[in-house]
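Here's a quick briefing for anyone opening this structure for the first time. Have a look at it, then read on for the main points.

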Amino acid sequence: MAMTTSLRFESDTPNASALRQALGRQTRRIQTDENMERQERTVKEDLKSTLIAQWRGTMDESAERLRMKREREEIAEEVALTNKELIAVRRTQLKKLLAEDRQTHERELYARGLTFYKQRI
């Protein structure tokens with residue numbers, strides 16, 4: 001209710017100045033309460049923003065740790081598969097080398113007129 005509306009009906013009374021002072025104090029109190037409410041709302045919004053920022057920071061850190069863990073696992077898997085492939089390649093090369101050595105040895109023996117004993121079933 002506006003002060004002019006309140007004062008319109010009571011301006012003729014002997015306590016009009018006291019009423020004006022009371023209404024002035026009431027208006028100041030209301031303004032003070034509204035300012036306090038605005039400040040509290042601002043503080044709550046700031047706190048909420050801070051909490052959200054902290055949460056996002058924590059989530060970013062967690063996501064980064066998880067990404068790094070996955071990368072380490074992928075690298076370990078790639079290394080393991082590479083080692084298996086390397087073993088398979090070495091095994092194939094070794095078989096080839098042993099077969100060549102055996103053929104060379106058999107040719108040398110054949111040149112001397114000798115041979116390996118082979119049991120035939």
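Arg-67 counts as partly exposed because its relative accessibility is 37% (buried means under 20% relative accessible area, exposed over 50%, and partly exposed in between, with a 1.4 Å probe and protein chains only). Its partner is Glu-64: the two form a salt bridge, with the closest N and O atoms 2.3 Å apart. A salt bridge here is a side-chain nitrogen of Lys or Arg within 4 Å of a carboxyl oxygen of Asp or Glu.

Before going further, a word on where this comes from: the model is predicted, local features need pLDDT of at least 70, side-chain atom pairs count only at pLDDT 80 or more, and totals for chains, interfaces and linings use all residues. Residues are numbered from 1 along each chain as its sequence is written, and side-chain values use heavy atoms, with hydrogens and water left out.

**The overall picture**

- The protein has two helices and zero strands; both kinds of element are DSSP runs, numbered from the N terminus (helices are H or I with at least four residues, strands E with at least two).
- Helix α2 covers residues 16-112, and Leu-97 is found in it.
- Of the 121 residues in the protein, 5% are buried.

**Salt bridges**

- Side chains of opposite charge can pair when their charged atoms come close.
- How many salt bridges does a search of the whole structure find? It finds four.
- Back to Glu-64 and Arg-67: both sit in helix α2, three residues apart, which is about one turn of the helix.
- Glu-64 has a relative accessibility of 35%, so it counts as partly exposed.
- Arg-41 and Glu-37 bring their side chains together in a salt bridge at 3.6 Å, N to O.
- Because Arg-41 and Glu-37 are four residues apart in helix α2, about one helical turn separates them.
- Arg-41 is partly exposed at 41% relative accessibility, and Glu-37 is partly exposed at 47%.
- Arg-102 and Glu-106 also meet through their side chains in a salt bridge, at 3.5 Å, N to O.
- Arg-102 and Glu-106 are four residues apart in helix α2, so they are separated by about one helical turn.
- Arg-102 comes in at 43% relative accessibility, which is partly exposed, and Glu-106 is partly exposed too, with a relative accessible area of 27%.
- Salt bridges that share partners link Glu-64, Arg-67 and Glu-71 into one network.

**Surface patches**

- Patches are made of residues with over 30% relative accessible area and no salt bridge; like charges are joined within 9 Å, and nonpolar side chains (Val, Leu, Ile, Met, Phe, Trp, Tyr) within 5 Å.
- Leu-94, Leu-97 and Leu-98 make a nonpolar surface patch of about 280 Å².
- Within that trio, Leu-97 is partly exposed, with a relative accessible area of 43%.
- Glu-73, Glu-74, Glu-77 and Glu-78 form a negative surface patch; Lys and Arg count as positive and Asp and Glu as negative, while His and the chain ends are not counted.
- For these charges, the place is taken as NZ of Lys, CZ of Arg, CG of Asp or CD of Glu.
- Glu-74 lies in helix α2 and is partly exposed, with a relative accessible area of 47%.

**Around His-105**

- His-105 has its place in helix α2, and it is partly exposed, with a relative accessible area of 37%.
- His-105 and Phe-116 are eleven residues apart in sequence and 9.6 Å apart in space, C-alpha to C-alpha.

Key
Accessible areas come from the Shrake-Rupley method with a 1.4 Å probe; for residues, only the protein chains shown count as cover.
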